[in-house]
Amino acid sequence: RGSSSRAFEPLKDESLLQRCILEPHGKRCLVWDLVTAGTLFANMMLDPMLVFSLPSSGPLYSLSIVSVMVWTLDILFSFFRGFDQNHSVEMRPGPVALRYAKTWFPLDASIVVWDWIHV
């Protein structure tokens, strides 16, 4: 009421990066969420084994590398994932990247850097 925008109307701009922004409820985000959920499950199974000295080769090591690569890509994708805000879907590249940079990026980056150091 009294607002010129419809509920959850996407906010977009004319920048070149606009087409790189992922709709938060779209199929690409759903597929990526499934990939990260599978990776999280694998991490929950593998991480307790880190107590033991694992060889730096073989299938468990390969899975560790794949896991760190997925989380690294997740940081990149998070800079391009739209979000719901104030009855609209924010899809403008600047606000999307700024929100991620101010919220989850510091934690995500520190964890991924730690993982890369310890792979």
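I take buried to mean under 20% relative accessible area, exposed over 50%, and partly exposed in between, with a 1.4 Å probe and protein chains only. The accessible areas themselves come from the Shrake-Rupley method with a 1.4 Å probe, and for residues only the protein chains shown count as cover.

I note that this is a predicted model, in which local features need pLDDT of at least 70 and side-chain atom pairs count only at pLDDT 80 or more, while totals for chains, interfaces and linings use all residues. Residues are numbered from 1 along each chain as its sequence is written, and side-chain values use heavy atoms, with hydrogens and water left out.

**Entry 1: helix α1**

I looked up Leu40 first. Leu40 is found in helix α1 and counts as partly exposed because its relative accessibility is 47%. I then found that Leu40, Phe41, Met44 and Met45 make a nonpolar surface patch of about 420 Å². Patches are made of residues with over 30% relative accessible area and no salt bridge; like charges are joined within 9 Å, and nonpolar side chains (Val, Leu, Ile, Met, Phe, Trp, Tyr) within 5 Å.

Thr36 also lies in helix α1, which spans residues 27-46; helices (H or I, at least four residues) and strands (E, at least two) are DSSP runs, numbered from the N terminus. Thr36 counts as buried, since its relative accessibility is 12%. Leaving aside residues up to four places away in sequence, I list Val70, Trp71 and Asp74 as touching Thr36, where contact means heavy atoms within 4.5 Å.

**Entry 2: helix α2**

I record 20 residues for α2 and a reach of 28 Å from its first C-alpha to its last, close to the 28 Å expected at 1.5 Å a residue. The expected span is 1.5 Å times one less than the number of residues. Ser67, Val68, Val70, Trp71, Asp74, Ile75 and Ser78 are buried in α2. They lie on the same side of α2, because they cover an arc of only 155° around the axis. The arc is that of the directions from the helix axis to the C-beta atoms. I find these buried residues of α2 packed against α1, α3 and α4.

**Entry 3: helix α4**

Helix α4 (residues 105-117) has 13 residues. Which residues of α4 are buried? I find Asp108, Ala109 and Val112. Their arc around the axis is only 95°, which puts them on the same side of α4. Trp114 and Ile117 are exposed on the other side of α4. The cover over the buried residues of α4 includes α2 (59-78) and α3 (93-102).

**Entry 4: salt bridges**

How many salt bridges does the structure hold? I count two, a salt bridge being a side-chain nitrogen of Lys or Arg within 4 Å of a carboxyl oxygen of Asp or Glu.

In one of them, the side chains of Arg81 and Asp33 meet at 2.8 Å, N to O. Arg81 lies in the loop between α2 and β2 (83-85) and Asp33 in helix α1, so the pair ties together parts that are 48 residues apart in sequence. Arg81 is partly exposed at 24%, and Asp33 is partly exposed at 31%.

Arg92 forms a salt bridge with Glu90, with the closest N and O atoms 2.7 Å apart. Arg92 is partly exposed, at 30%, whereas Glu90 is buried, at 4%.

**Entry 5: Gly26**

I place Gly26 in the loop between β1 (9-11) and α1. Gly26 is partly exposed, with a relative accessibility of 22%. Between the C-alpha atoms of Gly26 and Gly82, which are 56 residues apart along the chain, I note a separation of 9.9 Å.
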